[in-house]
Amino acid sequence: MKAYVFPGQGAQFSGMGKDLYDQHDWAKELFAQANEIMGFSISDIMFSGSDEDLRRTDITQPAVFIHSVAVAMSLGDAFQPDMVAGHSLGEFSALTAAGVLSFQDGLRLVRARANAMQKCCEKVPGTMAAIINLADDKIEEICNSLNEKGMVIVPANFNSPGQVVISGSKEAIEAACPLMLEAGAKRALPLTVGGAFHSPLMTPAKEELEEAINNTTFNTPRCPIYQNVDALPYTDPEAIKKNLVAQLNSPVRWTKSVINMINDGAEEFTECGPGTVLTGLISRIKKSLG
């Protein structure tokens, strides 16, 4: 069985999508639609923007979404998924590729999500850090100990065995990294990101996103989508909507999602989008299964 996976924020790079734009008339039309919906030329930023431009949440998320959907479209009739999944933002790309959302509606929702999250980032500055080779329960224990001291910090992305990303206030991340190293982590790497994604600091964005989602038509997907909040497959549009809203301040359970896809018959994974981050994570997850 074939599984297609879609990356999230952090996979972006300057020049993304330019090759598709140059090669295909349908891609030129797709980018023209994207520019119209966004109200500015996001294609110019994707093709030649600075790293600083592409790190802005309100730019990064639409850009990665547009590129990921374009990559799936470029596969043509070869795109025959038995299941799909997306990492954080990538859920919107996966839903669009699976026919749940039109490209236009998908991009409008991503724009609404990104703008709401950008407001949270500006209101309460936060950040994230990757913790390498430390048990999940130990990471949760350290985060809980800092929360008890009035800080805000949580495990945000369970990416693969031995790789968990934590998210929270800058103060909490700065306090957590040395504690993670003392507890035995091989590395504790602060990430260059726009905010504390998938943490309680994103809660104010949920109401705004929920309204946009409830005003959008969701179709039944052509195949199950494994969603981040609980790593389970869904085909019911109403359940998918609720999970998308909950995802904003819930952890991304990517390791469990991939394991469930494998257990349900996935033999071939194809990454649609900029970079190969998910391909690397999936390789580590498969290796952990023996």
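Select cysteine 223. This residue is buried, with a relative accessible area of 4%. Buried means under 20% relative accessible area, exposed means over 50%, and partly exposed lies in between, with a 1.4 Å probe and protein chains only. The model is predicted: local features need pLDDT of at least 70, side-chain atom pairs count only at pLDDT 80 or more, and totals for chains, interfaces and linings use all residues. Residues are numbered from 1 along each chain as its sequence is written, and side-chain values use heavy atoms, with hydrogens and water left out.

Next, select cysteine 177. It is buried too, at a relative accessible area of 9%. A disulfide is a pair of cysteine sulfur atoms within 2.5 Å. The count by this rule is zero.

Move to helix H12, residues 254–263. Helices (H or I, at least four residues) and strands (E, at least two) are DSSP runs, numbered from the N terminus. How many of the 10 residues of H12 are buried? Seven are, and the helix is mostly covered. Colour them: Trp254, Thr255, Ser257, Val258, Ile259, Asn260 and Met261.

What do the buried residues of H12 pack against? Select these partners in turn:

- strands E1 (2–6) and E2 (83–86)
- strands E4 (153–160) and E7 (225–226)
- strand E9 (268–271) and helix H13 (277–289)

Step just past H12 to glycine 265. Its phi is positive, at about 115 degrees.

Zoom out to the whole chain. Its secondary structure comes to 13 helices and nine strands. Along the principal axes, the C-alpha atoms fill a box of roughly 55 × 45 × 35 Å.

Of the 290 residues, 55% count as buried. Then show contacts (heavy atoms within 4.5 Å). Among those with a separation of 6 or more, 76% join residues 24 or more positions apart.
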